[in-house]
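Dear colleague,

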Amino acid sequence: MNREQEHAFWDTIKVLHELDILPHIMLIGSWAEYLYPNLFDTEFEPNIRTRDIDFFYRNLNMPNKPIRFVETMKRNGFLYDVDMVSEVARFYKEDLLEVEFLTKVIGSGAQSSYLIRALGIKAEGLRIINILDDFATDVTKNGYTIIVPLPSAYVIQKLLANPTRVPANKKEKDIAAVVNLLEHIKASEKHRQDLERVLAALTSKQLKVLDDVTKANSIILL
């Protein structure tokens with residue numbers, strides 16, 4: 001992450017705040033790590049090497065009023081694009097950032113995208129992010145309150161997603177991020193307890209995936 005990307009990130013947060021969208025979304029993916037130093041007493045340093053900013057839209061029916069979202073993003077210097085196949089919307093800030101909204105998969109998962117009514121755009125549905133919704137916390141920085149996953153939930157989600165992560169170099173990057181975060185999670189009694197709570201919420205199938213990935217990468221969770 002460079003200084004220009006950092007400014008573009010806060011430009012994005014400013015727009016979402018002014019439109020009152022921040023209470024309805026969670027910042028996930030690598031950019032959540034940018035806010036994690038606020039949650040640790042140790043000297044955690046994120047290593048962000050992506051322009052992708054992913055927001056988890058937690059309730060597709062909220063807010064219950066229309067928002068001139070696309071128009072406002074364009075007015076603030078974002079290029080608007082829609083995938084021809086999935087109809088998922090993406091917003092680009094020059095060559096610095098790519099903003100996308102993700103959401104839970106509903107039911108059988110036959111749909112790949114879901115309409116966010118208030119914003120008038122479609123979000124990509126991903127079942128693998130469901131766990132993050134149950135383990136949220138707030139970070140206040142630069143006057144904005146932003147919802148992020150607990151670091152422990154973030155780590156577990158990264159590990160569960162690893163077998164299907166593409167391309168292969170992203171798998172390695174995610175494992176490096178997990179190893180870095182685990183050092184700081186283990187240094188805190190609170191964060192260790194959070195990790196135990198997340199593990200206790202996993203299904204037997206998820207625990208099997210987690211066991212396979214941690215063993216393959218010589219990772220000890222607790």
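At what angle do helix α3 and helix α6 pack, and how far apart are their axes? In this model, which is a predicted one, α3 (residues 151-161) and α6 (residues 204-216) pack at an angle of about 85 degrees, with 8 Å between their axes. Since angles of 65 to 115 degrees count as roughly perpendicular, the two helices, α3 and α6, are therefore roughly perpendicular to each other. On the side of α3 the contact is made by Ile156, Leu159 and Leu160, and on the side of α6 by Gln206, Val209, Leu210, Val213 and Thr214; sorted by class, the contact has six nonpolar and two polar residues, and no charged residues.

Turning to the rings, the count comes to 13 aromatic pairs. One of them joins Phe9 and Tyr34, whose ring centres are 5.3 Å apart and whose planes stand at 80 degrees, so the pair is edge-to-face. This pair links distant parts of the chain, as Phe9 belongs to helix α1 (residues 3-18) while Tyr34, 25 residues away, lies in the loop between β1 (25-28) and β2 (52-57). Phe9 and Tyr34 are both buried, and over the ring of Tyr34 sits the charged end of Lys141, at 4.4 Å from the ring centre.

Elsewhere, ring pairs link Phe55, Tyr57, Phe69, Tyr80, Phe91 and Phe101 into a cluster, and Lys93 lies over the face of Phe78, 4.8 Å from the centre of that ring.

Terms used. Residues are numbered from 1 along each chain as its sequence is written. This is a predicted model: local features need pLDDT of at least 70, side-chain atom pairs count only at pLDDT 80 or more; totals for chains, interfaces and linings use all residues. Side-chain values use heavy atoms; hydrogens and water are left out. Axes are lines fitted to C-alpha atoms, for helices over the stretch in contact, and angles run from 0 to 180 degrees between N-to-C directions. Helices (H or I, at least four residues) and strands (E, at least two) are DSSP runs, numbered from the N terminus. Angles under 35 degrees count as roughly parallel, over 145 as roughly antiparallel, 65 to 115 as roughly perpendicular and the rest as oblique. Contact means heavy atoms within 4.5 Å. Ala, Val, Leu, Ile, Met, Phe, Trp, Tyr, Cys and Pro count as nonpolar, Asp, Glu, Lys and Arg as charged, and the others, Gly among them, as polar. Rings of Phe, Tyr and Trp (its six-membered ring) pair if their centres lie within 6.5 Å; planes under 30 degrees apart count as stacked, over 60 as edge-to-face and the rest as tilted. Buried means under 20% relative accessible area, exposed over 50%, partly exposed in between (1.4 Å probe, protein chains only). A charge sits over a ring if NZ of Lys or CZ of Arg is within 6 Å of the ring centre and within 35 degrees of the ring normal.
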